[in-house]
Amino acid sequence: MGDLASAIGARSQEEAAIVAELKAGSEAAYAWLIGEFQQPVYGLVYRVVNDPSDAADTTQDVFLKVFRGMKHFHGESSLKTWIYRIALHEAANRRRWWFRHKSKETSIEPAESDSPGLTENSLQIALTDPAESPFDNVAHHEVQQRVEQELRKVPEPYRTTLILRDLEEMSYEEIAEVLEVSLGTVKSRLTRGREALRQRLASYVREVGNELGLSAPKEDRKERSQVAGGGRRAEVMP
């Protein structure tokens with residue numbers, strides 16, 4: 001416990017030093033900030049706006065807000081959660097703008113088939129919680145695309161909570177800071193979001209499960225077992 005406290009203290013001191021340099025206008029500190037957060041912020045924004053060019057533009061807007069707002073950052077939260085909060089706010093604004101304006105346009109460009117910055121490993125981590133994730137061992141590229149597609153249809157605020165926890169691998173505490181909600185709210189949204197995603201994927205898992213080695217959600221297996229048993233409850237092996 002003492003070693004952990006020392007490590008946390010060291011990180012806090014290091015971040016405080018970086019923030020001080022950023023507030024002083026250090027070009028080296030800003031270069032570090034961009035190198036450290038540009039890709040994660042882009043990935044987070046992309047999953048909200050679902051358009052590469054919009055994500056790139058929004059990411060630039062995020063860093064402009066960060067640079068201009070650094071003088072107002074007083075360390076109430078970590079630098080990471082502060083930046084992510086700005087990123088989600090800007091992404092939500094861009095998404096609302098898109099629904100009001102850009103969604104009415106007709107594009108002649110082919111649709112993007114793959115999500116940038118999303119690796120097989122990240123999605124496998126995202127959905128392999130042994131107790132709660134929609135199904136285990138997501139590693140197939142086709143499945144990744146389908147999961148991404150269905151994740152976009154999970155309603156807010158559950159989708160953002162899923163992204164922050166299962167894809168960005170943020171702690172419950174960090175998510176609570178980013179979204180400015182309680183830990184209980186984070187856990188509730190995560191449970192509901194995972195259930196919504198699980199249900200959206202259930203028919204797909206039934207369709208390709210045997211081929212790809214996937215297992216249907218427990219609720220779905222139980223329901224099919226009851227139907228097979230003439231409506232009587234039956235034991236289903238996991």
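The charged end of Arg 165 sits over the ring of Tyr 172, at 4.3 Å from the ring's centre. Keep in mind as you look at it that this is a predicted model.

A pair of aromatic rings is described by the distance of the centres and the angle of the planes. How many aromatic pairs does the structure hold? There are five, and two of them are set out here.

| Pair | Centre distance | Plane angle | Type |
|---|---|---|---|
| Tyr 30 and Phe 67 | 4.6 Å | 85° | edge-to-face |
| Phe 73 and Trp 82 | 4.9 Å | 40° | tilted |

Why is the pair of Tyr 30 and Phe 67 edge-to-face? Its planes stand at 85°, and an angle over 60 degrees counts as edge-to-face. This pair links distant parts of the chain, with Tyr 30 in helix 2 (residues 27–49) and Phe 67 in helix 3 (residues 52–69), 37 residues apart. Tyr 30 is buried at 17% relative accessible area, whereas Phe 67 is partly exposed at 28%. Together with Phe 63, Tyr 30 and Phe 67 form one aromatic cluster.

Arg 198 has a relative accessibility of 11%, so it counts as buried. Its C-alpha atom is separated by 9.6 Å from that of Val 147, which is 51 residues away along the chain.

Methods
Residues numbered from 1 in each chain as written. Predicted model: local features only at pLDDT ≥ 70, side-chain atom pairs only at ≥ 80, totals over all residues. Heavy atoms only, no water. Buried < 20%, exposed > 50% of the residue type's maximum accessible area, 1.4 Å probe, protein only. Phe/Tyr/Trp six-rings, centres within 6.5 Å; stacked < 30°, edge-to-face > 60°. Helix = DSSP H or I, 4+ residues; strand = E, 2+ residues; numbered from the N terminus. Lys NZ or Arg CZ within 6 Å of the ring centre and 35° of its normal.
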